[in-house]
Amino acid sequence: MCKVSMDLNNEKNLDFAIYSLVLAKTEEFSAEDLVQDVRRFQDVDTVKVQSRVSVLMKRWVDSGVVQEHWNTFSVAM
């Protein structure tokens, strides 16, 4: 994996960053884990990141890309 600098205030860039983080996960993770991972790279508005994570996780659970457990997620294999 390589590092790419991009403005995470741009919604498409933020979505891509969240997607990349999800694909890099090897264990179960929570939505809050993703928010903290994003904020570790850039100081982005927490509410905005939480909102995008919530929308994307729902979309990916519905499409079968991600499996939802009680309060965690995992990448569908």
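The model is predicted: local features need pLDDT of at least 70, side-chain atom pairs count only at pLDDT 80 or more, and totals for chains, interfaces and linings use all residues. Residues are numbered from 1 along each chain as its sequence is written, and side-chain values use heavy atoms, with hydrogens and water left out.

Rings of Phe, Tyr and Trp (its six-membered ring) pair if their centres lie within 6.5 Å; planes under 30 degrees apart count as stacked, over 60 as edge-to-face and the rest as tilted.

| Pair | Centre to centre | Angle between planes | Class |
|---|---|---|---|
| Tyr19 and Trp60 | 5.5 Å | 55° | tilted |
| Phe29 and Phe73 | 6.1 Å | 35° | tilted |

Tyr19 sits in helix α1 (residues 11-24) and Trp60 in helix α3 (residues 46-63), 41 residues apart. Helices (H or I, at least four residues) and strands (E, at least two) are DSSP runs, numbered from the N terminus. Tyr19 is partly exposed at 34% relative accessible area, while Trp60 is buried at 11%. Here buried means under 20% relative accessible area, exposed over 50%, and partly exposed in between (1.4 Å probe, protein chains only).

In the other pair, Phe29 belongs to the loop between α1 and α2 (31-41), and Phe73 to strand β2 (residues 73-75), 44 residues apart. Phe29 is buried, at 2%, and Phe73 is buried, at 10%.

Now to the methionine: Met57 lies in helix α3 and is buried, with a relative accessible area of 2%.
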